[in-house]
Amino acid sequence: MATSRMNKIRLGVISFAHAHVNAYLDTIRNFDDAEAVAGWDADQERGRTQCQKYGLDFEADLDHLLQRSDIDAVFVTSPTNQHAAHVQAAAQAGKHVLLQKPMALTLDDCDAIIEAVRRYGIKFSLCYQMRADPVNQKIKALLDEGALGNIAIVRRRHAIGLLLNPDFARPGNWHIDPVQNMGMFMDDASHAADWFYWMLGRPTSVIAEIDNVLTNTAPDDNGVAVYRFGKREMGILLNSSTMLAATSTTEIYGDKGTLIQDYGDLVSSSLPRPPGATALKIYRAGAADWERFDFPADVPHGNRIRAVPRPLIDYLRGQGAPMATAEDGRVCIEMVLGAYQAAREGRRIPLSSSS
């Protein structure tokens, strides 16, 4: 890895295709231990525009970007079907990789990424914003300490309304291209799939329905997957790209308690909250009322995305763990691909989750 002057982590960007990189760069501007330096994009007009916006050098050639000695790590935020090639190129050049979700569209590409990370000894992390959210971190801690007892059912919704927006649901948008991104369930439900894996471990099977219900501009617009986990828990993943509004994001039901999270995704956090609203509450067996945790209910969804860079930079500096490893990312992709297969074939699909 190149040695950064002033002990800063210096970053490059491989493609500005995924808009989350803009929030990452906005956030890093305020860091004193990290700095974005340069970017490349196959769409040169987009690349030049975004580099000018953030004060970065634009490199017209990807190899030139990766050969720069003043870059320690890169954000890979290209269309999903290009992730494996871009991670391999960065790893071979000795650059650490921060990869936007989903990891890839096939398990073979996931395996290629895992092999590149291992072969070249680079640091690697996926950029899963749910893992950077304090409310989700509290849910994880409560589950780990057994606060809810044995878990029966977990429902997690992760939804957007973008397919109802003609500016998004337009010809040429790579997000809705089946070759570059497979489908909206792959693109967006991967957040919730990773959340389930983080919370409950590897699932053992899945049944699902994924289809176009309201639109026909993308390969799919709504999906529901039911996963079974190691202790027989049922995990209901609800993903929609045509949802206008919602409140409850997560419900967890155990024999010692119930946990409810509100306002934890885009559609639920984009509308006004009622007075006294809380983001997280738990009912414990024998209690007289709900226990409400001191998490503000009015956090914009964008704050979760802007929370991603800090733990990533800490990881690159040797001060923390990756947000999600390449092996973690593979489990998530197997979960999503298994749901697609279950929906196509109308049957339960076993999941091995082995890399």
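Helices (H or I, at least four residues) and strands (E, at least two) are DSSP runs, numbered from the N terminus.

A word on the model itself: it is predicted, so local features need pLDDT of at least 70 and side-chain atom pairs count only at pLDDT 80 or more, while totals for chains, interfaces and linings use all residues. Residues are numbered from 1 along each chain as its sequence is written, and side-chain values use heavy atoms, with hydrogens and water left out.

Are Glu251 and Arg155 buried or exposed? Glu251 counts as buried at 18% relative accessibility, and Arg155 counts as buried at 15%; here buried means under 20% relative accessible area, exposed means over 50%, and partly exposed is in between, with a 1.4 Å probe and protein chains only.

Now to another part of the structure, which holds 19 salt bridges. One of them joins Arg310 to Asp33, with the closest N and O atoms 2.7 Å apart, and this pair connects helix H11 (residues 309-316) with the loop between helix H1 (20-28) and strand S2 (34-40), 277 residues apart. Asp33 is buried, with a relative accessible area of 12%, whereas Arg310 is partly exposed at 27%. Asp33 also meets the side chain of Arg317 in a salt bridge (3.6 Å, N to O). Because Arg317 sits in the loop between H11 and helix H12 (326-345), this second pair ties together parts that are 284 residues apart in sequence.

Which strands stand at its edges? Nine strands form an open sheet with mixed pairing, in the order S14-S13-S12-S11-S7-S10-S9-S8-S15, and two strands pair if DSSP finds at least two bridges between them. Strands S14 (291-292) and S15 (349-350) stand at the edges, each with a single partner strand, so one side of each is left without a neighbour in the sheet. Strand S8 (residues 203-211) pairs with S15 in the antiparallel sense over two bridges, and Val206 has Ile349 of S15 as its bridge partner.

Note on methods: Salt bridge = Lys/Arg side-chain N within 4 Å of Asp/Glu carboxyl O.
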